[in-house]
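This briefing covers a ligand site and a set of salt bridges. The structure comes first, followed by the points grouped by topic.

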Amino acid sequence: MPDRLHPVKIIGSQSYYSATASTSFARPALAAKKSAKVCIIGGGFAGINTALGLAERGIKDVVLCEARNLAFGASGRNGGFVFAGFSRGPESLLKDLGPQAAKQLYKGTVDAVDLIRSRIDQYNIGCQHTDAGVYWANWFRDQSVLTDFQKLLSENFDTRWDFVPQSELKKLINTNRYKDALYEKNSLHFHPLNYALGLAKAAEDKGVEIYENTPAISLKKSGNGWLIKTPEAEIEAEQVVLACGGYLANLYPRIDASVLPIATYVMVTEPLGDRMQEILQTRAAIYDTRFAFDYYRPLPDSRLLWGGRISVLDRSPEAVKKLLRRDLLKVFPQLGNVGIDFAWSGLMSYSRHEMPQIAEIEKGLWCGQAFGGHGVAPTTFAGELLSSAIAEGDKRWQGLSSYGLVSALKPAGFIGAQLTYWWLQAKDSWKDRMESGA
Ligand SMILES: Cc1cc2nc3c(=O)[nH]c(=O)nc-3n(C[C@H](O)[C@H](O)[C@H](O)COP(=O)(O)OP(=O)(O)OC[C@H]3O[C@@H](n4cnc5c(N)ncnc54)[C@H](O)[C@@H]3O)c2cc1C
């Protein structure tokens, strides 16, 4: 049972990523008054990518303030899957926007995956990146889920995912759980915290000033720009970017009101050594076709990182371990006695339409949030849209204008989100039972 029925709050257990971070990136808090061309609030992927995008475009006087440590939020604690697309699926994009606009938006995230690859190279970021693709494994017998999706992607999004029959799949992923799969070749997985710190270093080398333990505590219009107060100082900025994800900034009510912070969970096993070969003969990452899917990937030190579940409920690391271990054993019963060394939670920011909110809200006040559970490539895309808008007046961000700041209807939205999740989870279980003739 969940520890308490309570909208999620910040949970701070140590993750595998912080225990294995390749650099210690400690920056001081802002202590003196500043003026800046652009002030970015929030040091996750959305904020860091925007800062780097501005610096790459030659913009000087960029300041980034992070309330805690860089990538403290979802960006430094996620599953590490880097793949194209948004939380809102491509089928819905097509229905919402029509073929041309849907394809263009989706392509922004395909380009973002390429940009991540090239930045890893260009800035020499050691982040254990494993360019081995991702399998979308079919939990159900109904093959049409895969073939229909494959057709949709190739006909509308210029994207090829390869069909993998069960006989092939079983050689790669040693479980009887899955039937067949699609293989998305153009995707990778990595150590997200190391990547975030590497990006931040690249931005800093190009002149961005980064302050940690510097929460923005108020935001007001001031002349032609904005005044941001922090506990010990203040910043006068021509433009401000709010990029606080599910860790709500508490600065501009309409921006916070547009997202629901939703928790999801990750655990990491002890090193498996040779036992890894008993379960996986691939270095790719894997998730499955249920609404409430598992996602997992092999780590270079022979551990298995396993994630899943979403909830509006807070859970302790011990509760996360218990819950996810049960999920792990449904897929790999052969790991019955495996030790779990790390377990943690993180907050994602969801909008009701499940699309990012990337917009200029008032003159000189921008936001980039609501990336949901599929945010690594989209935050990279957002960084490009926001930085090119601010630096060059690029209007591409308006491609997302039909997905604006829609109220998340809190607190009822929390109950709605949890009920929807449970309902879809129950539908998955029912389908599973029907297929197995139970
Ligand atoms: C457990 C987990 C697993 C996931 N797995 C994947 C995955 O495998 N692949 C994928 O694509 N996506 C995944 N996601 C989603 C992805 O991580 C997020 O969508 C993405 O990282 C969001 O980035 P962000 O910059 O918007 O927010 P965050 O990374 O949450 O950053 C927001 C930052 O703002 C700071 N902040 C808040 N208020 C203030 C303030 N007032 N002043 C200053 N700073 C402030 C916070 O401290 C925080 O560091 C996962 C998410 C979670 C939680």
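A residue counts as buried when its relative accessible area is under 20%, and as exposed when that area is over 50%; partly exposed lies in between. R290, with a relative accessible area of 14%, is therefore buried. The model is predicted.

**Ligand site**

- There are 39 residues around the ligand, and E66, S75, G79, F81 and V376 come nearest.
- The shell divides into 20 nonpolar, 17 polar and two charged residues.
- At least two shell residues each come from α2 (45–56), β13 (260–269), β18 (340–350) and α11 (376–392). The largest share, three residues, is supplied by β18.
- A backbone N or O atom of G79 lies 2.9 Å from a nitrogen atom of the ligand. Oxygen atoms of the ligand lie 3.0 Å from a backbone N or O atom of A46 and 3.2 Å from one of F45.
- The ligand taken alone exposes 1000 Å², of which the protein buries 97%.

**Salt bridges**

- The structure holds 27 salt bridges.
- In the pair D294 and R290, the closest N and O atoms are 2.9 Å apart. D294 is buried at 4% relative accessible area.
- E204 pairs with R27, with the closest N and O atoms 2.6 Å apart. This pair links distant parts of the chain, 177 residues apart: E204 is in helix α7 (residues 192–205) and R27 in the loop between α1 (16–19) and β2 (34–41).
- E204 is partly exposed at 21%, and R27 is partly exposed at 24%.
- D180 forms a salt bridge with K179, the closest N and O atoms being 3.1 Å apart. D180 is buried at 1% relative accessibility, whereas K179 is partly exposed at 22%.

Definitions and conventions:
Residues are numbered from 1 along each chain as its sequence is written. This is a predicted model: local features need pLDDT of at least 70, side-chain atom pairs count only at pLDDT 80 or more; totals for chains, interfaces and linings use all residues. Side-chain values use heavy atoms; hydrogens and water are left out. A residue is near a molecule or strand if one of its heavy atoms lies within 4 Å of it. A polar contact is a pair of N or O atoms within 3.5 Å; within protein, one must be able to donate a hydrogen and the other to accept it, and residues adjacent in sequence count only if both atoms are side-chain atoms. Accessible areas come from the Shrake-Rupley method with a 1.4 Å probe; for residues, only the protein chains shown count as cover. Helices (H or I, at least four residues) and strands (E, at least two) are DSSP runs, numbered from the N terminus. Ala, Val, Leu, Ile, Met, Phe, Trp, Tyr, Cys and Pro count as nonpolar, Asp, Glu, Lys and Arg as charged, and the others, Gly among them, as polar. A salt bridge is a side-chain nitrogen of Lys or Arg within 4 Å of a carboxyl oxygen of Asp or Glu. Buried means under 20% relative accessible area, exposed over 50%, partly exposed in between (1.4 Å probe, protein chains only).
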